[in-house]
There are 2 protein chains.
Amino acid sequence: MATIKDVAKKAGVSVATVSRAMNDKGYVHENTRKLIDEAIRELNYKPNEVARSLYNKKSRLIGLILPDIRNPFFPELARGVEDKMQEHGFRLIIGNADEQLDKELDYIETFKQNNVIGLISASTNAVLTHYEKLSFPLVLLDRTSDHHPSVQADGYEGGRLAAKELVSRGSTRITLLKGPVELQTAQERFKGAVDELFNANVHFDVMTTASFAFHNAEYWAKELFEKYPDTDGVIASNDVVAAAVLHEAHRLGKKIPEQLQIIGFDDIPFSQFLYPPLSTIRQPAYEMGREAAKLLIRQINGETLEAKRIQLPVQFIERQTTRKEERND
Amino acid sequence: MATIKDVAKKAGVSVATVSRAMNDKGYVHENTRKLIDEAIRELNYKPNEVARSLYNKKSRLIGLILPDIRNPFFPELARGVEDKMQEHGFRLIIGNADEQLDKELDYIETFKQNNVIGLISASTNAVLTHYEKLSFPLVLLDRTSDHHPSVQADGYEGGRLAAKELVSRGSTRITLLKGPVELQTAQERFKGAVDELFNANVHFDVMTTASFAFHNAEYWAKELFEKYPDTDGVIASNDVVAAAVLHEAHRLGKKIPEQLQIIGFDDIPFSQFLYPPLSTIRQPAYEMGREAAKLLIRQINGETLEAKRIQLPVQFIERQTTRKEERND
DNA sequence: TCTGTATGTGTAATCGGTTACATAAAAGAG
DNA sequence: CTCTTTTATGTAACCGATTACACATACAGA
């Protein structure tokens, strides 16, 4: 690997001049610049980011903490972040916290130790204190905070919408799956749905699904139909759980959507391939990722955003686990 | 952030001694060690990885290149790699190449510039020349090479198995979906299936699916049934494509598995939730990730493995897109 | 007691960049 | 033709670790 010294020697100048030429700082004579550019090209010189980072105390790396890379919602978020960051020359270190606090802390430590220039966290842990004294900017993704900029979808409206659509399509004994207690967004969805169901004066039961992971989803689904065999409408906490519910409903021979309507949350790519294709509340995951990246970049560029909160709209995606709306023409 | 100097000052020794104490190199007096440990604890000192990496010319970071983080097969691989690496104190930089060569090259450059200590690549690009002159060890994942250690599933056997199961369950007009030409593993599966079908003397057609991504899968599915409306057995190139085929089959009102059998490849978590649950050839993705990590770690520890190749077995997962086998009792 | 080895620690060079500061030449002002 | 300002470049310190080397002391064997 060629170093800046090699370039300097080849171009017949000092390393300082090479550095200035590369970073467009200070004065460099036109002719000198040409010599340097040529030397760089010939040696195929690429500056050592580590050395740079040591002096500057910041790298070009961005930390991204995801709670569970296996839930397709998060890769989608990650793509949004990645694409936007790419445009600005930043790279991602993705840390998969696996919904465990110690793993999350491990990654934060790694990020610090590697001089990341900023951090985006979609962690699901309730405890946020470890984010208080960071030396680099932070954006929270898929969750809110009073102390940090954040990006999330309008969970409350999403819950409301899910309930409204289910009611207007004729479900009368609804089961509401409540996501993990520590997960803000899940709680907001829940609140939205509850409010709407109260308003509409529809009977509903509540069951808590304490995780979003695949291997648990099946279990929740079974429990759901044991506890509430007569339910005719399920508002799932996310699409993974909805898929499990749908699967279990088939197993029990229920007709969907005639006997049972199901509505999910997220709209992951797979939902369209379920049978029947899953009606769901869409979160614009990719966009959320991009917005989070934008917020972080603004902070990196020196703006202080305090607790700026960006909330993106959700949308009902009508597929076929819900019935056609009864028109009152 | 406390530095090694602060620790040295607090413990009343030189930085060299602190460094020796931390890395267990050279002699350090028992009492001195205690002083240092205490200073470290009190200052909550964590060594700066960047400085370390600059001197050592290697960090604790591992590069991982994935072709498409949205295809659930790859997060599963990534988890395997991550978990194993975690056990050894290494961290991952995940690069999503998006099936584009230039993005892949970008990431390789980033990895070099950040002194990664090793690289695992599950890239789909046929061109491997850019892996020739790396200064750190490499493991290829989900693909083979004559020049580098690699880990993959037994694609040939997988293809054979898929064909065999479909035939023995009564399909007579099989359509074989052939994955992207540049993708070795896809080609091996294809070859395995072709050989088996020839052997069994069963009629089959071939259609090429030039990508594995979600947004294309639907298109391939439609094309499939336009070209071969009478097919009664589909061997899909992976589970994502299989899901799309299943979806399209439903749309066309085909009875599954009575009229049409479908068999996928990968066994991603979602496959069990499809309707009917998808029969598929399982690749042990998580294990593959772990094995790749192991191979890399062995190289990092100084073993030279040349082109060691690890091939993991695949397995037919019988669910309900295939019929019960006709017993010849 | 003398010598050789094992133990313990500090000084300073090093990794590959960036930049403060010094210096010199060129350009512009009067 | 001076004097000031702008342009151009080099020297050396610095970022925070690691380690070669020098040196000092302790301990062992003869």
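## The largest pocket

In this predicted model, the largest pocket has a volume of about 1,400 Å³, and of the 41 residues that line this pocket, Pro47(B), Asn48(B), Glu49(B), Ala51(B) and Arg52(B) are the closest to its centre. A pocket is an open set of points, on a 1 Å grid over the protein atoms alone, where a 1.4 Å probe fits, with protein on both sides within 12 Å along at least five of seven lines, and lining residues have an atom within 4 Å of a point; the volume is the space filled by probe spheres set on the points, which are joined across faces, edges and corners.

H4(B) provides the largest share of this lining, 6 residues, helices being DSSP runs (H or I, at least four residues) numbered from the N terminus.

## The second largest pocket

The second largest pocket has a volume of about 1,200 Å³, and among its 37 lining residues Pro47(A), Asn48(A), Glu49(A), Ala51(A) and Arg52(A) are the closest to its centre. The largest share of its lining, 6 residues, comes from H4(A).

## The surface near DNA strand D

Of the 28 residues around DNA strand D (a heavy atom within 4 Å), H4(B) gives the largest share, 5 residues. Polar contacts (N or O pairs within 3.5 Å) include a polar side-chain atom of Tyr27(A) at 2.4 Å from a phosphate oxygen, and a side-chain N or O atom of Lys25(B) at 3.1 Å from a phosphate oxygen.

## Basis of the values

Residues are numbered from 1 along each chain as its sequence is written, while chains are lettered from A and ligands numbered from 1 in the order in which they are written. Local features need pLDDT of at least 70 and side-chain atom pairs pLDDT 80 or more, whereas totals for chains, interfaces and linings use all residues, and side-chain values use heavy atoms, without hydrogens and water.

Note on methods:
Polar contact = N/O pair within 3.5 Å; in protein donor to acceptor, adjacent residues only side chain to side chain. Helix = DSSP H or I, 4+ residues; strand = E, 2+ residues; numbered from the N terminus.
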